[in-house]
Amino acid sequence: MRGVLVRLGGAWTEILRRRAANSATGSYPLPVQNMLGEMVAAATLMQSNIKFNGSLILQVLGDGPVKLAVVEVQADFGLRATATVTGDVPLEASLSQMINVSNQGKCAITLDPQTRFPGQQPYQGVVPLVGDAREKLEKFSDVLEHYMLQSEQLDTTLVLAADDKVATGLLIQRLPLEGVGNLAGSRVSLANEDEIGSNEHYKRIALLASTLKREELLTLDADTILRRLFWEEKLLRFAPLAGDSAPHFSCTCSRERVSRMILGLGADEAQSIISERGEIEVGCDFCGAHYRFDPIDVARLFRVPGDLPPSSETVQ
Ligand SMILES: [Zn+2]
């Protein structure tokens with residue numbers, strides 16, 4: 001069994017602070033804040049679990065007032081997140097009332113490698129926001145447990161919680177009996193599939209993990225949580241990530257990327273925005289940065305393709 005516990009403070013509150021400072025959007029409604037926080041914790045847990053050399057992108061494509069929620073976690077645990085809210089979200093809104101009103105909502109997990117071979121597409125897995133009996137799922141952890149079972153063929157238990165200070169979660173996964181991930185080095189030849197949902201040790205640990213309450217997860221430190229849940233189990237504890245290697249807020253937007261996007265619009269389209277508004281302004285939903293391109297910037301962009309203007313005009 002492998003477990004990962006994540007507890008994000010500063011990385012999470014930085015996301016909320018930037019959102020609150022964005023005059024175009026203002027702060028998230030409370031239920032959206034808590035859902036996005038759970039997604040941030042979950043994406044961090046998943047990146048930590050698979051150690052993917054690239055970015056892990058967790059997305060919800062909603063059919064309710066929340067149209068989109070996105071979390072990106074890089075290999076170095078630099079992370080960013082945003083949500084697009086287009087309608088009213090009542091204070092008591094459930095998950096499905098926010099993102100799955102008519103069962104058209106989806107959750108997508110994308111693994112985008114750091115370096116791609118020519119023509120290589122990022123891997124993407126998509127799961128619906130309903131269960132096997134088409135019932136609406138009301139816990140984000142249930143959505144992801146489905147995904148993990150489908151994609152990795154491994155039983156996974158997730159407990160997630162978030163408020164305006166902490167985004168936190170616990171992941172428990174049964175390791176395959178054979179293969180690189182097997183810490184015990186066992187040579188048991190039992191097919192892994194036979195064990196899904198039936199491994200007694202996993203069931204015991206998962207049951208213990210699922211007794212963890214939202215309030216406990218939000219308020220207790222890792223030592224206390226581990227002691228409370230698993231005091232009868234033999235635990236091998238790894239040192240927590242600290243300093244530069246700990247999860248932190250980081251946005252991958254840049255003036256160069258926005259320049260490429262404007263080039264992608266084509267000269268005619270870019271020129272028509274310039275004549276209409278006098279400049280092209282692009283805001284980053286993740287960090288709130290504004291990139292402004294005046295007529296001279298735009299002309300320069302299209303005159304010499306690839307020759308990009310200096311990046312000193314970013315306004316945070
Ligand atoms: Zn940004």
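Colleague: Okay, which residue in S8 does Leu158 stand opposite?

Modeller: Leu158 stands opposite Leu171 in S8. Before we go on: this is a predicted model, where local features need pLDDT of at least 70, side-chain atom pairs count only at pLDDT 80 or more, and totals for chains, interfaces and linings use all residues. Residues are numbered from 1 along each chain as its sequence is written, and side-chain values use heavy atoms, with hydrogens and water left out.

Colleague: How many bridges pair S7 with S8, and in which sense?

Modeller: Seven bridges, in the antiparallel sense. Two strands count as paired if DSSP finds at least two bridges between them. A hairpin of four residues joins S7 to S8.

Colleague: In what order do the strands of that sheet run?

Modeller: S1-S8-S7, an open sheet of three strands with antiparallel pairing. The edge strands are S1 (2–8) and S7 (156–162), each pairing on one side only.

Colleague: Which helix packs on the sheet?

Modeller: Helix H2 (residues 30–50), which touches S1, S7 and S8. Contact means heavy atoms within 4.5 Å. The direction of H2 makes about 135° with that of S1; axes are lines fitted to C-alpha atoms, for helices over the stretch in contact, and angles run from 0 to 180 degrees between N-to-C directions.

Colleague: Is S7 mostly covered or mostly open?

Modeller: Mostly covered: seven of its seven residues are buried. Buried means under 20% relative accessible area with a 1.4 Å probe, protein chains only. Thr156, Leu158, Leu160 and Ala162 lie on one side, and Thr157, Val159 and Ala161 on the other.

Colleague: New topic. What volume does the largest cavity have?

Modeller: About 50 Å³. A cavity is a set of points on a 1 Å grid over the protein atoms alone where a 1.4 Å probe fits but cannot get out, and lining residues have an atom within 4 Å of a point. Grid points are joined across faces, edges and corners, and the volume is the space filled by probe spheres set on the points.

Colleague: Which residues line the largest cavity?

Modeller: Among them are Ile15, Arg18, Tyr28 and Phe286. Helix H1 (residues 10–21) gives the largest share of the lining, three residues.

How values were computed: 1 Å grid on protein atoms, 1.4 Å probe; cavity = no way out; pocket = protein on both sides within 12 Å on 5 of 7 lines; lining within 4 Å. Helix = DSSP H or I, 4+ residues; strand = E, 2+ residues; numbered from the N terminus. Buried < 20%, exposed > 50% of the residue type's maximum accessible area, 1.4 Å probe, protein only.
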